[in-house]
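Subject: Handing over a structure

Hello,

As promised, here is the structure for you to look through. Could you open it beside this note and follow along?

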Amino acid sequence: MSPMRASWLFSRRAAKALLWTVVIIAAAVGANVVGIYLVGSVAGWEQWLAAAAGYFLVWRLCLYGTTAYGWVWMRRRLLAREAQNGADRQARRRLVRSEIAGVIAIVALEASLLMQG
């Protein structure tokens, strides 16, 4: 591997992304450990999660709506900026690919959650 190709592995951006990933995973594990401790058992925690599934669905729908609103806002700004730079067509293609990937990821997540319940 050349030094130029390997440099992305040690960049600040990659380190920041890795750190955030570790923090999010640690928070998820911590929330489960605390929940199990408060309820008293893994079975009790699973029952509580099943009972609260409707609330979590509402939470996710609100989160998806907020994300979609922010995406539309960001998309308009990005396309306006790219139109000034003359790269409008490429920006649109990248955005469409990102939008398709995002929708597929959300549908896959929700489908897997429906199959579990």
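Below I describe the pockets, a surface patch and the salt bridges.

A word on the basis of it all: this is a predicted model, in which local features need pLDDT of at least 70 and side-chain atom pairs count only at pLDDT 80 or more, while totals for chains, interfaces and linings use all residues. Residues are numbered from 1 along each chain as its sequence is written, and side-chain values use heavy atoms, with hydrogens and water left out.

Let us begin with the pockets. A pocket here is an open set of points on a 1 Å grid over the protein atoms alone, where a 1.4 Å probe fits and protein lies on both sides within 12 Å along at least five of seven lines; its lining residues have an atom within 4 Å of a point. Volume is the space filled by probe spheres set on the points, which are joined across faces, edges and corners.

The largest pocket holds about 500 Å³ of space. It is lined by 14 residues, and those closest to its centre are Ala53, Phe56, Arg60, Leu113 and Gln116. Helices α3 (42-51), α4 (53-85) and α5 (88-116) each supply at least two residues of this lining, with the largest share, 6 residues, coming from α4. (Helices are DSSP runs of H or I with at least four residues, numbered from the N terminus.) By class, the lining has 10 nonpolar, 2 polar and 2 charged residues. In this scheme Ala, Val, Leu, Ile, Met, Phe, Trp, Tyr, Cys and Pro are nonpolar, Asp, Glu, Lys and Arg are charged, and the others, Gly among them, are polar.

The second largest pocket has about 230 Å³ of space. Its lining consists of Tyr64, Thr67, Ala68, Trp71, Ser98, Glu99, Gly102, Val103 and Ile106. Two or more of these residues come from each of α4 and α5, and α5 gives the most, with 5 residues. The classes here are 5 nonpolar, 3 polar and 1 charged.

Next, the surface. Val34, Tyr37, Leu38, Val39, Trp48, Leu49 and Phe56 form a nonpolar patch with about 720 Å² of accessible area together. For such a patch, nonpolar side chains (Val, Leu, Ile, Met, Phe, Trp, Tyr) are joined within 5 Å, from residues with over 30% relative accessible area and no salt bridge. Areas come from the Shrake-Rupley method with a 1.4 Å probe, and for residues only the protein chains shown count as cover. Helix α2 (12-39) and α3 each supply at least two patch residues, and α2 gives the most, with 4 residues. Phe56 sits in helix α4 and counts as partly exposed because its relative accessibility is 32%; buried means under 20%, exposed over 50%, and partly exposed in between (1.4 Å probe, protein chains only).

Which side chains meet in salt bridges? A salt bridge needs a side-chain nitrogen of Lys or Arg within 4 Å of a carboxyl oxygen of Asp or Glu, and the count comes to 2. One joins Arg60 and Glu110 (2.7 Å, N to O), linking helix α4 to helix α5 across 50 residues. Arg60 is buried, at 18% relative accessibility, and Glu110 is buried too, at 16%. Another joins Arg75 and Glu99 (2.4 Å, N to O), with Arg75 in α4 and Glu99 in α5, 24 residues apart. Arg75 is partly exposed at 21%, as is Glu99 at 23%.

Happy browsing, and best wishes

Definitions and conventions. Patch = residues over 30% accessible without salt bridge, like charges linked within 9 Å, V, L, I, M, F, W, Y side chains within 5 Å.
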